[in-house]
Every structure is written in C-alpha cells, then in structure tokens.
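Here is a friendly briefing to read with the model open beside you.

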Amino acid sequence: MTRYTDNPDAVAALIEPHQVHRDVYTSQEVYRLEMKHLFANAWVFVGHESQTANKGDYFATQVGDQPVIQVRHSTGDIHVLYNRCPHKGTKIVIDRQGNTGKFFRCPYHAWSFKTDGCLLAIPLKKGYQDTRLSETENAKGMKAVGAVHNHRGFIFARLAAEGISFEDFFGDSLSSIDNMVDRSPAGRLEVVGPPLRYMHHCNWKMLVENQTDTCHPMVAHESSAGTAVKLFEELGLPEGAPKPPAMEIIAPFMSPYEFFENMGIRTWPNGHGHTGVHHSIHSDYTAIPGYFEAMVESYGEDRAKAILDENRHNTVYFPNIMVKGPIQQLRNFIPLAADKTIVESYIYRLVDAPDELTARTAMYNRMINAPTSIVGHDDLEMYERAQEGMMADGLEWVNIQRLQTEDEDFTVEAVENGTTERQMRNQFDAWRKFMLMSMEASA
Amino acid sequence: MNVSRDQIIDFIYDEARMLDEGRYDDWLALWLPDGHYWMPLDYQQTDPIYETSLMYEDMFMLKLRVERLNGARTFSQKPKSRCHHVIQRPFVDEMNGDSFVTKTFMHYVETRLDEQQLLALTARHDLALVDGALRIANKRVDILNCDAAFRNIQLLP
Ligand SMILES: [Fe+2]
C-alpha cells in the first residue's frame, strides 16, 4: 500500500508549523521519497578534497542511498560519479579509497573509463559492431552526478541535473565553513585519518535535529558531564592547576539552561542554521602556544582576532551534515533506511597551525562521537527510544514548538534565543520545499 | 623479587575476570597513575594523540567511565550491559627486569537487552612490577574489524 508516492498533498500534510507527523521518521515509503526527491534536489556533502589529493585518487561514499565515487581527474578537477559500471551494474570500486591511475577498469568484464567517467575501451569490441550499443546511455560511460561544487576544499554534489545553484542553496551559511578554513594560517584544511563510524537504529533527521537541541545536554549527558564535574571537585586541585583534558571537553555539556539560552541560534534559508552565535561550549578552551602568533602573521591582528572570536557551536548544513568550526570537525549523517543511520565523524588538521590543535580535535572526536564515547552512548539511547516510542498509536505527532512565534518566515536569516526549536522548524520547512520540488501528483 | 611467566599470565586472566564480574574498583587499582587505555580506530595505528582513536583514556577518564556505569541517571545503562572475555593463553613477549609486555588474543562479547555483539581483539599489556605487585602501565586493545561501523560499545573490552 502506498500513501505518499505520487501524492504531494499527503507529503505536504506531514509538516505543520508546530509539529510533524511521525511518518517522517518511521515510514520506509517516506524514506524512499526522501532519497528520490530531497537528496536529489539538495546539495549534499560528498567529501573533502584532501581525501583525493592526487590525480587518480578516489574515495567511495554515498549521497543519500546512492553509491558514488569522488575522484581527482587528470585535469586536477574533482568529479563525482555513480559507482556503477554502465554494463552490468557492478560497483567499479569496492575499497573505500585508493588510486586508480589514469582510468577505472570494471573488475567484471574490463570495460574501462577515464576518471571523468567517459568510456575508454571495451574488450572484444567487435562483438558490438552490428548492434546499436552506441545509441544507448550505457555506452557513454560512468554516469556523473548532476552538479559538483568545491567550496574551499569541501565537495558537494547535487544529483539532479537541473535545480537550485550552490550559492542560492547555501547563501550566507557558508560563513561557518569559511571560518573553519580561515582558522588555518594557510587557509587550508587536510583530513586526518579515517572517520569514526557509528551505527544508529533511528531516523537520520533525529541526529540532525539533535545538533541544535540545546535543551538536552544537561539532561541526557548528566551521567557523563555531571559525573566529570563531581570527580573533578573530589580531586580538590588548587585554583589554576591544569584541569584533566576531559574537564575541558566534557564538562561544558553540563552548563545551565541560561548558558544555552544566551548562546543564541541563527537560522538561514533552506534549512541551514547554527548554535553558538555569541559564545559556545568551545569558547573557553585554553590557548595553544604559537597559534595566535601564526594567525597574526598570516592575517594581521584584527582579522586574526575576528576569526578566532567566532565560536560557533554546531552548524547544520541541510540536509545531513554538521560542522564544528572551532574544532575542525564534520559529521555526516548518512541515511540507510527509515530507522537506520550511519554517522561518520571526520576531523581536519589546520595547515600551518601547531599540532596541539589537532590533538584537541582528535580528543574531542573520541570523547564525544565514538561508539565507545560515554557521551555518545546516551545520545544513541535517546534516539532509539524515540524511534521505538513513536510507534505508539496514542499520539502521531512530534512537537517542535519551543519559542515558536507567529508567522515565522524561514526565507530570512534570524538570530534568536539559543533554546528555540526554530532551526528544527527551519529544517522541516526546507524538507517540504525540496521534497515537493520534483514531485508530481498521479493523474 | 622475581616474577614468573605464569604469574604474569595469571595476572592477565585475573584482569579479564574482574571486568567480566564488574569489579571495577579492583580493576582501577591495577593501574599505574599515568597509564593509558588505548583502543585504536585505524588498523595498525601508531599515533594515539594526533589521530582519532576509539579510546585513549587516562585515569581520570577511566574513573569517570566506571563511576558513570553506576549512576542513577545513566540512561544507556538501564538496563545494564554485561560482558564476557574468552582469552587465549597470553604470550609473554618481553621480560626486562621489572617491566613486561604481553599479547593476548581474545573474543569479547557484550550484551544488553536483545542485542549481543562479538568482537575479536588483540590486547597488548605493558606491565610493571611496583612494590612487589604487578601493575598495568599501559593497555592497547586492537579490534580486528576496527574499520567497521559499530553500535554502542559500553563496557571495557
Ligand atoms: Fe547529546
């Protein structure tokens, strides 16, 4: 039975200004439509250019449920191709990364393709002489995604051939990525090692919403952050003595509601937004010797201060990544099914900055975002309880009403109290827009 | 005082049993104060500091981890997880005066509610003889499929 396919009115009715229907999280049919429409019409994160630094370097990943390859072509440009041989459908690359040289070669029948996807050669080609292979779509080679954009090293793809431009989609929200990159004295980031990979049995949108959910840390993370504060007090260290690293990273999660209210939330059109407009849990990290000096050397004192005074907490790039500028982290929430999401957490090195910054970034990643993290454990528990709880038929709607105001307009940038759920409403407003963009009602 | 190979091997078995039986205070007491528990993320990773690991924890973090397991508001431990180590006889790879290195292959099972996961592990222990007792100076645990996507791993492999 299908309820939503070819039925844009039914899809639109899932979103109300103050609540969303549970089917957006639980229905596999809605998930399929998200992959077909939302993830095709939006600009979705693929990878970082440093993951494919040299010609022929490739990196295999997913855009929504679509297997794709990010590859550095012989011209130096980065292309994003579907990871599928146009012959029989075999995935061209199976390993997560590598170097393919000047061309891809399918391991099944040895059809080969240039690194921009164009067909190079087919063995025993005379077997197609009297056929009309050349008239097929398959003869053109590996298919490329609709459009690719490299913004300061971050590669995004739009699967749809036609649609919104990169600049129109992201607008001023790119300031968060810019700030993260500007924190390198060289204006450049490099990926560090493989990502943490963490499997969640919940809908991908719960993870994205949680990135700007400032009313949960002091509750859900009391067992880790609260216990850290308690243990630290028991140590009875003298004032000013160096704190255990865990205190600097984990303890701010225990900050009171007032701290999160005052930090502020900013939303941008098309579902993007961030917490930490005025300050954040990253504001009070200890200074690392030599870093400010290197920044002043590159940018001059005023500009260096302006870059480092920005302490944005979590920036959500709709639909499915989060960036932490002050610690150079990106989390990719890859939707595998209505109730299955893999989270990949990447970190980056600030080129020409002291290594101690990378050490703090790596520490943050393992303490907060690993499958072994005492903070992550309680987040996963909350998402999965919600995924199961929503099956209760007594109530079918999920509330997103905190600090909602009359006639909210998501087409304009806004800065509000840091505990508002406006960013969640903003995401669902964009969700409806990019879902319905290419959906037609059946006649 | 001399420590025999058998005493070292018994120490490794005893440690696994403490973890399985949840005797965490005894387990913490095995550690030297500047020790680190390292669980790499990457296969054959050499750097615990400047790359992401699954764990690289000092005594403060390990105490926090243990303390949290018993907290009243530790939601991911309601109900509690249980674990089980099946270990091969440890190899004692180095015996230099008061310091020793062992390598132990094991299967680790962790379970909670309807889920149970099995991890194949290699544990390296750096041990030291201090005031007549063996202590853990450092411990490294490599997960065979460290590059796989995991669900929660909540106890100590
Ligand atoms: Fe959280």
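Which residue forms a salt bridge with A:Asp182? The partner is A:Arg303, with the closest N and O atoms 3.0 Å apart. Please keep in mind that this is a predicted model. The scores are ipTM 0.97 and pTM 0.97, and chain B averages a pLDDT of 97, with 99% of its residues scoring at least 70.

**Salt bridges within the chains**

- The bridge between A:Asp182 and A:Arg303 links distant parts of the chain, 121 residues apart: A:Asp182 sits in helix α5 (residues 174-182) of chain A, and A:Arg303 in helix α12 (residues 301-309) of chain A.
- In chain B, B:Glu57 forms a salt bridge with B:Arg65, and their closest N and O atoms are 2.8 Å apart. Both B:Glu57 and B:Arg65 are buried.
- For a pair in another setting, look at A:Arg132 and A:Glu135, whose salt bridge brings N and O to 3.0 Å. Here A:Arg132 and A:Glu135 are both exposed.
- Over all chains, the salt-bridge count comes to 36.

**Where chain B meets chain A**

- On the chain B side 35 residues are in contact with chain A, and on the chain A side 48 residues take part.
- The two chains bury about 3400 Å² between them, and 60% of that area is on carbon and sulfur atoms.
- Three residues, B:Tyr50, B:Phe60 and B:Arg151, supply 21% of the area that chain B buries against chain A, more than any other three residues.
- How many salt bridges cross the interface of chain B and chain A? There are five. A salt bridge also joins the side chains of A:Glu222 and B:Arg73, at 2.9 Å from N to O.
- Polar contacts across the interface of chain B and chain A come to 23 residue pairs.
- Of the elements, α3(B) gives the most, with seven residues.

**Helix α1 of chain B**

- Helix α1 of chain B covers residues 5-20, which makes 16 residues. From first C-alpha to last it reaches 23 Å, close to the 22 Å expected at 1.5 Å a residue.
- Its buried residues are B:Ile8, B:Ile9, B:Phe11, B:Ile12, B:Glu15, B:Ala16, B:Met18 and B:Leu19.
- What do the buried residues of α1(B) pack against? In chain B they meet α2 (24-29) together with the strands β3 (82-87), β4 (91-96), β5 (99-112), β6 (115-130) and β7 (133-143).
- After α1(B) comes B:Gly22, which has a positive phi, near 70 degrees.

**Backbone geometry worth a look**

- As background, most residues other than glycine have a negative phi, and most peptide bonds are trans.
- In chain A, a cis peptide bond joins A:Phe318 and A:Pro319, with omega about 5 degrees. A:Pro319 is in the loop between β17 (315-317) and β18 (321-324) of chain A.
- In chain B, B:Lys78 and B:Pro79 are joined by a cis peptide bond with omega about 0 degrees. B:Pro79 is placed in the loop between α3 and β3 of chain B.
- A:Asp6 is a residue other than glycine with a positive phi, near 55 degrees. It lies in the segment before α1 (8-12) of chain A and, at 41% relative accessibility, counts as partly exposed.
- A:Asn270, also not a glycine, has a positive phi of about 70 degrees. Its place is the loop between β15 (265-268) and β16 (272-275) of chain A.
- Is A:Asn270 buried or exposed? A:Asn270 is buried, because its relative accessible area is 10%, and the cut-off for buried is under 20%.

Note on methods
Residues are numbered from 1 along each chain as its sequence is written. Chains are lettered from A and ligands numbered from 1 in the order in which they are written. This is a predicted model: local features need pLDDT of at least 70, side-chain atom pairs count only at pLDDT 80 or more; totals for chains, interfaces and linings use all residues. Side-chain values use heavy atoms; hydrogens and water are left out. Helices (H or I, at least four residues) and strands (E, at least two) are DSSP runs, numbered from the N terminus. The expected span of a helix is 1.5 Å times one less than its number of residues. Buried means under 20% relative accessible area, exposed over 50%, partly exposed in between (1.4 Å probe, protein chains only). Contact means heavy atoms within 4.5 Å. pLDDT is the predictor's confidence in each residue, from 0 to 100. Buried area is the accessible area (1.4 Å probe) that two parts lose on being put together, summed over both. A salt bridge is a side-chain nitrogen of Lys or Arg within 4 Å of a carboxyl oxygen of Asp or Glu. A polar contact is a pair of N or O atoms within 3.5 Å; within protein, one must be able to donate a hydrogen and the other to accept it, and residues adjacent in sequence count only if both atoms are side-chain atoms.
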